[in-house]
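Hi everyone, thanks for coming.

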Amino acid sequence: MHFMQSLQTAWTRNNSLVCVGLDPEPAKFPAHLKGRPDAVFEFCAAIVDATADLACSFKPQIAHFAALRAEEALERLIAHIHAKHPGVPVILDAKRGDIGSTAQHYVTEAFERFGADAVTLNPYLGRDSAQPFLDRADKGVILLCHTSNPGAADLQDLDVGGKPLYQHVARLIAQEWNTHGNCALVTGATYPEQLAEVRALIGDIPLLVPGIGAQGGDVQAVVRNGRTAAGAGLMINSSRAILYAGSGEDFAEAARTAALDLRDSINHYRAS
Ligand SMILES: O=c1ccn([C@@H]2O[C@H](COP(=O)(O)O)[C@@H](O)[C@H]2O)c(=O)[nH]1
C-alpha cells in the first residue's frame, strides 16, 4: 500500500496521531536485556508489539542503529513491523540530502534495503537532490521545514525577501515538489507558532511533529495549530518518553501506558 494510504488507514483504525520513535540507547535498556547479543532488536520489537495498535506510524532514527553497528537489526525490525503489524507505516528518519547520483543510492537504502515506507530528507540541496525520492509515488518523502532543536532559527528563520526561509520551504514543497502527493513536512512541536504558519501555507499535507515529551513541546498547542479541518494531518512523534517510560522487566507495558496517555491527550484536544 502507498505510504499516504497506510497513514490515512492507521490514523482512522487506531484513532491515533501518535508516531512512536525508535531510538535505541543500550545504556537505558532494562537490566535483563543489557549485554544480550540481539538486545537492540529485542528491545525495539517489544516496544513495537506493545504500541502498534496505538500508533499511526513508527519512526526509527537510523543513527541510533548505525552507531551501534545494528543496521541489520534495523532491517529485521522493519520487516517485523510489516509482518506483524501491517498497515502501520515505517518512517526511516535519516535526513538524507545529496546530489542526484548519490541520492539514488539513498533511495535504494531506504526503500529496498530497509523496506521503509517513508524517509526524512533535508531539502537544503534543492529539487534535484529530492527528485529520486519524489519519483517514488508509493513512498513518503518527509522534508525538514522547521525543526525542533534550539538552533532551528539560525538558518530556518532567516529573512528571505520578507519571509522566513522555512515559509519558502513550506510553499515550495506544497506548490511545486508535491506533484505525486507523497510529500510531508517536519515541523517541531517546540515552535507552535511556526507550526501554525506552516499549516496555513500547505493545506492538508501531513506534518511529522517531533519535540513532544523529552523536548518539552506542548500537546495542546501542537494539535490546535497543526490539525487539519478533518482533525488529523499530524504524526506527533515521541521517542524517549515512550521508550524509556519504564526501566524494569515491564518496560514494554510502561511504554504502552505512555503511548496510550499521549494518544488520549492528543485526542482530547482534537475533539475540543
Ligand atoms: O526537528 C527534528 C527532527 C527530528 N527529530 C528526531 O525526532 C526524535 C525525537 O526524540 P525525542 O526523544 O522524542 O525527543 C529523534 O529521533 C530526533 O532525531 C527531532 O527531534 N527534531
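I'll talk about the ligand and its surroundings, and then about one glutamine.

Quick housekeeping: this is a predicted model, where local features need pLDDT of at least 70 and side-chain atom pairs count only at pLDDT 80 or more, while totals for chains, interfaces and linings use all residues. Residues are numbered from 1 along each chain as its sequence is written, and side-chain values use heavy atoms, with hydrogens and water left out.

So, which residues come nearest to the ligand? There are 16 residues around it, and the nearest are Asp-23, Ser-148, Gln-215, Ser-239 and Arg-240; being near takes a heavy atom within 4 Å. By class, that shell has four nonpolar, seven polar and five charged residues. Here Ala, Val, Leu, Ile, Met, Phe, Trp, Tyr, Cys and Pro are nonpolar, Asp, Glu, Lys and Arg are charged, and the others, Gly among them, are polar.

Now some distances. Asp-23 has a side-chain N or O atom 2.7 Å from a ligand oxygen. For Ser-148, a polar side-chain atom sits 2.6 Å from a ligand nitrogen, and for Arg-240 one sits 2.6 Å from a ligand oxygen.

On to Gln-167: buried or exposed? With 9% relative accessibility, Gln-167 counts as buried, meaning under 20% relative accessible area (1.4 Å probe, protein chains only). Skipping neighbours within four places in sequence, Gln-167 is in contact (heavy atoms within 4.5 Å) with Glu-197 and Leu-201. From Gln-167 to Glu-42 is 41 Å, C-alpha to C-alpha, and 125 residues in sequence.

Notes
Polar contact = N/O pair within 3.5 Å; in protein donor to acceptor, adjacent residues only side chain to side chain. Buried < 20%, exposed > 50% of the residue type's maximum accessible area, 1.4 Å probe, protein only.
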